[in-house]
Each structure stands twice: as structure tokens, then as C-alpha cells.
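Q: Please show me how to read some features of a protein model.
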Amino acid sequence: MEKLASALSILLMGFCGVQLFVRFVRMLRGQEKEWLQVKTPGSELALAALCVLVGRVVIALLAYAMYRMDETASQPFMEALEPLWVHWDARHYLGIAQNGYTAVGDDRLRLVFFPLYSALMRLISPLFAGNLFAAGTAVSVLCASGAGALVYDLAYGLFGRKAARMALAYFLLNPMSVFLGCVYTESLFIFLTLAAVCLLRRGKPWLAALCGMLSALTRMPGVIVSGLFIIALLEKIPKKTFSTRAVLACMGQVWIVFCGLFIYWGINYVVTGDPMMYLTYQRENWFQQAGSFWQSTSNTMYYFLHTVGEEDWLFTWGFQLAAMFYVYVLLAFGQKKLPFDLAAYSFVYVAAVLAPTWLLSGARYLYGLCVLPLLQARTHRHHGVVLAVSTALLVVFTFGYAVRGLVF
């Protein structure tokens, strides 16, 4: 079964890759469709952001209600928030915000977590009387609201109001949206990546590059945004606007994006003397090295088959396997419904984030694909059914993370 799963993942991604190559050639010939980006009404953007904000409050209340179902649970809502929502990586981000990075003890392992989110948490903590959990939650919720508005803006500009509403619904009701209100980087990363995408498509490449840099300073896959600038340059070839100046500008923009990663390497060097020390920590403590999406698919299938009956079987291996093939199928049969640059970005992003060995959070990483809601809105036909299933799973995963601490 493991070999079959691996082969099927290669087949689906290969099918997507071939289609993208054909589209790439068509783009160089000027035969690809041009996607116009129309302006979204400001009132609708504000409403989209408000919907996300209300959604986070509802999820918090839902988690608390589930917590109180236990007869021994007695903490008031505000006191229960931190115990319910601080699990796994959240502790590391809080620790970095509190004490920074170090090269000694168990806390040295925090170096594998990128710095921007914790820095923002620390920066605004005085507004919350020094409470880092409250500051981190505020950063996440505000960025989630901004990301929701940008999802709506991008979808509205490309596909219209109906598609924008569907995309926002998919963004909000994805089971992994439980992390939007956590002390995790999902909200910040998606917001900054979407900001880079939207700014570039609206003809503001230098601001887009700055957002790309901040995205790369939040999480490693942020550097993939740089590919969008290269595609934008190549699109100039059939338009006869390709020039040395355009090449130099593109190189500068790509460099700015990668500066986020370079800054992180610099932090590694200052703390440990080795700019790549985070790779050593990942390998030695999380068993993660460079791999491939098909190897990860095979490993996930193996653990799915051999952990039946264990308490994290569904939340970890079962859902990760389902999420992998769900996205593989979406890309294979739906990428043509996205502009070429966004489709190509999606392909590279999925292949990259599913590549690490010993993958435990694949579903969450896939949620970080900022154009996933657009792909869903454009590909699915029976939105009511899909969104109903997503909502049910969101309830399950809210319980799994907040109450049981079983979701990574």
C-alpha cells in the first residue's frame, strides 16, 4: 500500500506538472489567458475581515464549551484560554518571545522556529500588560482577519463576488483553520504571502518583495514567493517588454525576498556560530531531512496502516494522508482554473512543504497554501456538501487541538 500511495502521488503531481509545462510554453508564446484584477469594494473587504474575527470568537467559545463538558473542568472562560490554546509549537514561540534564542540546554532547539512571529508578539506585549499569550493571540487573530480580506480580494478580483464568498468560506471552515487563532505562525504567514501576491498582481513589485521577505522571515516556504517575480519577468517576453532593466529589477526583488532567509541564517550564526545549525536540530530531534513528497506520502500511509487504535491515528496520520491526496487531486484537475503564476506557485509549494522526512503536520502546512481557498472555490461543484464536511471536521479538530492536544 505504501508503494501504491507513493506511485499515485507521483502520477497526480506528474500530471499536474505536465499541464503546467504546457501552460508555461504557451505563456512564453503569449497564448496564455490574461487574468484581469478588478478592484474589490472596500466595504466587502471589511466585512470579510469581520467574518474571520467573528469566526475566531465562535471557535474559542466552541472549544470552551467542549472543555466544560468534562465534569472536572471549572475554570472561567478567560482563565481557560491559555491552557486550551497553548500546545506544541505555541510553547516554543512563547519561549522565544520571552527569552530569545540560546545555544545551550533544551531551549536551544527553539532555533528551528523562525523569528518574526515571536518578535511581533514581544513588540506588542506592552499593550497587553506584558502578557505574551494575549499578544500572540492578537497578532494571530488580526493577521487572520487581514488574510481573510486578502483571500476575498484576490478571488473577487480574478473571479467575481460569488467565487470570493466561496473562497472565504473555504478559508474559514478548513479544519486546519483552528490554528488561525493559536499562537502559531499560520495567520501571519498566510497574510504576508497573500499580501505579496496581491501587491505583485496590482503592479507594486517592490512592496510585494518586502512582504515576501517578511513571509520568508516567518516560515521557510516564504521564499517560494520569489518564483512569482520570475514568472512576471518571463511574461514580458511575448509582450516585447523584456529588457535588461526588467531583469535587474527582478533580481533585486528576488534578492529582497531571500533576505528573510538570510536574516534567519544570520541569527543562527550569531547564536551558534553555524548559519545552518537549525538543520542539525531538525535532523537530530525531529528526524527531518530533505526528502520528497512521494516519500512522505509512503511514510504517511505506513503509519496510517500501523497505528490503528492509537489516539492520534485520526488526527495525525489519517487526516494527513487524506489532506495530501485531496490537494494532489485538486492540483491535478483544477490548476487550469487558476492563473498560471498561482498554479505554478501552488505546485512548487505543495512539493516543497510535503518533502521533509518524518512529516507530522502536513495538513497544517498545506493549509498555508494561500491560494488553496481559490482553488477549492473554482474546482468544487457541490460547495454545500464539501463545506458541511469541512465544518464537521473543524469541530472535531477544535476538540482535538484545544481539549485533547492531539493536533500538531
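A: Start with aromatic pairs: rings of Phe, Tyr and Trp (its six-membered ring) pair if their centres lie within 6.5 Å, and planes under 30 degrees apart count as stacked, over 60 as edge-to-face and the rest as tilted. Here F287, Y302, Y303, W317 and W358 form one aromatic cluster. This is a predicted model, in which local features need pLDDT of at least 70 and side-chain atom pairs count only at pLDDT 80 or more, while totals for chains, interfaces and linings use all residues. Residues are numbered from 1 along each chain as its sequence is written, and side-chain values use heavy atoms, with hydrogens and water left out.

Q: How many aromatic pairs does a search of the whole structure find?
A: The search finds 32 aromatic pairs.

Q: What describes a pair of aromatic rings?
A: The distance of the centres and the angle of the planes describe such a pair. Y184 and Y401 form an edge-to-face pair, at 6.1 Å centre to centre and 80° between the planes. This pair links distant parts of the chain, 217 residues apart: Y184 is in the loop between α7 (161-173) and α8 (186-201), and Y401 is in helix α18 (residues 383-403). Helices are DSSP runs (H or I, at least four residues), numbered from the N terminus.

Q: Are Y184 and Y401 buried or exposed?
A: Buried means under 20% relative accessible area, exposed means over 50%, and partly exposed is in between (1.4 Å probe, protein chains only). Both Y184 and Y401 are buried. Another pair, F304 and W313, is stacked, with 5.2 Å centre to centre and 15° between the planes. F304 has a relative accessible area of 23%, so F304 is partly exposed. W313, at 27%, is also partly exposed.

Q: What describes two packed helices?
A: They are described by the angle between their axes and the distance between the axes. Axes are lines fitted to C-alpha atoms, for helices over the stretch in contact, and angles run from 0 to 180 degrees between N-to-C directions. The axes of α4 (residues 89-99) and α5 (residues 116-124) come within 8 Å and cross at roughly 55°. That makes α4 oblique to α5, because angles under 35 degrees count as roughly parallel, over 145 as roughly antiparallel, 65 to 115 as roughly perpendicular and the rest as oblique.

Q: Which residues of α4 and α5 make the contact?
A: Contact means heavy atoms within 4.5 Å. Y93, L94, I96, A97 and Q98 of α4 meet Y117, S118, M121 and R122 of α5.

Key:
Helices (H or I, at least four residues) and strands (E, at least two) are DSSP runs, numbered from the N terminus.
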